[in-house]
There are 2 protein chains.
Amino acid sequence: MDTKALLIEEAKNLFQQKGYKGVGLNEILKECEITKGALYHHFPNGKEELLISCLQSMQEEITTDIDMIFQQHSSTLTATKTLVDKLTAELDSGNKIAGYTFSSIVSEISSLSEPVRNACTALYEEIQKIYFKKLLNDGYPEEEAASLSLFMTVSIEGAMTLCLAKDSTLPLSNINAILPRLLKD
Amino acid sequence: MDTKALLIEEAKNLFQQKGYKGVGLNEILKECEITKGALYHHFPNGKEELLISCLQSMQEEITTDIDMIFQQHSSTLTATKTLVDKLTAELDSGNKIAGYTFSSIVSEISSLSEPVRNACTALYEEIQKIYFKKLLNDGYPEEEAASLSLFMTVSIEGAMTLCLAKDSTLPLSNINAILPRLLKD
DNA sequence: GTCTATAAGACGATAGAC
DNA sequence: GTCTATCGTCTTATAGAC
C-alpha cells in the first residue's frame, strides 16, 4: 500500500474512534510509521484535508458495502435486517468501533469548516438513497419511501451512538425487533 | 448565580456545541469572565471533573423537562410528539444546538475516562426510563415497552445528529410522521 | 475565593537537507 | 518522497500573592 492510502486508512480508523479533535497528527504518524514531511507532501493543507479524504473514502466503502447487501435481498426488510446483523457482529468482534458511524466527526461539525460538513451530509444522503430506491422497488409511494428511508438512516446512526456509549450491541440489535412493524414483508 | 454554577452552565453549552476536546479551558473562562484560579478552586481535578458536573446537570435538566411533558399527556404517542415538536422548535430558533444532544461528548468516549462513560450511559438510561414507564401505563407488556423505549431513545438521538449534520430540522420532524405506526393511539 | 504569572508539554504547520 | 529540526501557538495545570 502506498503512503497516501495508508495514511487515509489509519486516520480513518482513529477519527472514527476518537473524533477529529481527539486525534493528534503525531498519533496518526506513529501508526503509519512515517513523519510529518511525508504527510504534508500528500496533504499540503494538513489535517483537515486528510479528514476530507477520509470522509470520501468512508463514503465509498460504506455505500459499496450497503449496496452489495441490498442487491442480494429481495425486500428492504430482509436487506436491512442483514445489514443490522452485520453491524452488530462487527461491533461485537473486537472492541473496535465499526466503520459505519461518523457521528464522532459530525458532532464536532460546528467547529469545523464547510467542506467537512458537506462531506458528512453527502455521506448520509448516499446511504439514505440506497434505502430509498429499495423502498420504491418494494412498491412504496415516493413520499413514503423518502420518509421511511430517512427514518432508517436516523435509527441506525442513533443506535450506533448508543452502542458506543453503553458498550453494548443491544441498541442496534433491537432495531431488528422493531423493523417488521415499519416495513412490509 | 455563583461562580461554580455559572461555570457549569457555560461549559455545558460549549461542550454540547463543540464537543469536549473542541473546547479549551480559556474559551470557557472567557465566557464566564473569570480566570484559571477560580476554576481550579471549584474543580481541583480540572477539565474532566467539570465535564462530569456538566453531564450531571444535563441529566437533571433534560429528564425534568421530558418528565414534565410526559406528565401532561395521556398517551406515549402524544407526549412524544410534543417532545419532538419542542426539540424541533428549539433547533429552529437560533442556530444554537438544542440542549438535548450530547452525542458530541459520547462520541469522544473512547478517549475519555470511565466516570465520563458512566455519566453518559446514566443519562440515556434516565431518558429511556421515562418512555418505558409511560409505555407500561399505556398497557404495553414489559418486554415490548423495553424494546420500544430503547428504540425511541435511539431514534431521537440519531435524528438530532442528522439535524446537526444537515443543518435541517427534517430528520427530527420526520419522526412524528413515523411514530403513529409504532405507538397506539 | 479570585487573581497573575508561569511551567511543561502537545498541537498543527513550515523549512530545508537528502 | 521522506527525513529532521524548528517555530509559534495553544493546551492543561500549578504556585503563590492578595
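**The contact region and its surroundings**

Modeller: Chain B and chain A together bury about 3700 Å², and carbon and sulfur atoms make up 67% of that area. The model in view is predicted. Chain B brings 42 residues to the contact, and chain A brings 42 residues as well.

The rule finds 4 salt bridges between chain B and chain A. One of them can be followed in the view: B:Lys166 is paired with A:Glu125, and their closest N and O atoms are 3.7 Å apart.

On the side of chain B that touches chain A, at least two residues each come from helix 1 (3–18), helix 6 (103–106), helix 7 (114–138), helix 8 (142–166) and helix 9 (170–178) of chain B. Helix 8 of chain B gives the most to this side, namely 16 residues. Sorted by class, the side of chain B that touches chain A holds 17 nonpolar, 15 polar and 10 charged residues.

Of the atoms of DNA strand C that come within 4 Å of the protein, 60% belong to sugar and phosphate.

B:His42 has a polar side-chain atom 2.8 Å from a phosphate oxygen of DNA strand C.

The surface near DNA strand C draws at least two residues each from helix 2 (25–32) and helix 3 (36–42) of chain A and from helix 3 (36–42) of chain B. Helix 3 of chain B supplies the largest share, 4 residues. By class, this surface has 5 nonpolar, 8 polar and 2 charged residues.

An annotation may be set beside this picture. According to an unreviewed UniProt entry, residues 24–43 of chain A carry the label "DNA-binding region". In the model this span is 75% helix and 0% strand, and its end C-alpha atoms are 15 Å apart.

Sugar and phosphate provide 55% of the atoms of DNA strand D that come within 4 Å of the protein. A:His41 places a polar side-chain atom 2.7 Å from a phosphate oxygen of DNA strand D. B:Leu25 approaches through its backbone, with an N or O atom 2.7 Å from a phosphate oxygen of DNA strand D. For B:Asn26, an N or O atom in the side chain is 3.3 Å from a phosphate oxygen of DNA strand D.

Two or more residues of the surface near DNA strand D come from each of helix 3 of chain A, helix 2 (25–32) of chain B and helix 3 of chain B. Helix 3 of chain A gives the most, with 4 residues. The surface near DNA strand D divides into 5 nonpolar, 8 polar and 2 charged residues.

How values were computed
Residues numbered from 1 in each chain as written. Chains lettered and ligands numbered in written order. Predicted model: local features only at pLDDT ≥ 70, side-chain atom pairs only at ≥ 80, totals over all residues. Heavy atoms only, no water. Contact = heavy atoms within 4.5 Å. Buried area = accessible area lost by both parts, 1.4 Å probe. Salt bridge = Lys/Arg side-chain N within 4 Å of Asp/Glu carboxyl O. Nonpolar A, V, L, I, M, F, W, Y, C, P; charged D, E, K, R; others polar. Near = heavy atom within 4 Å. Polar contact = N/O pair within 3.5 Å; in protein donor to acceptor, adjacent residues only side chain to side chain. UniProt positions renumbered as here; feature names shortened; annotations may be inferred.
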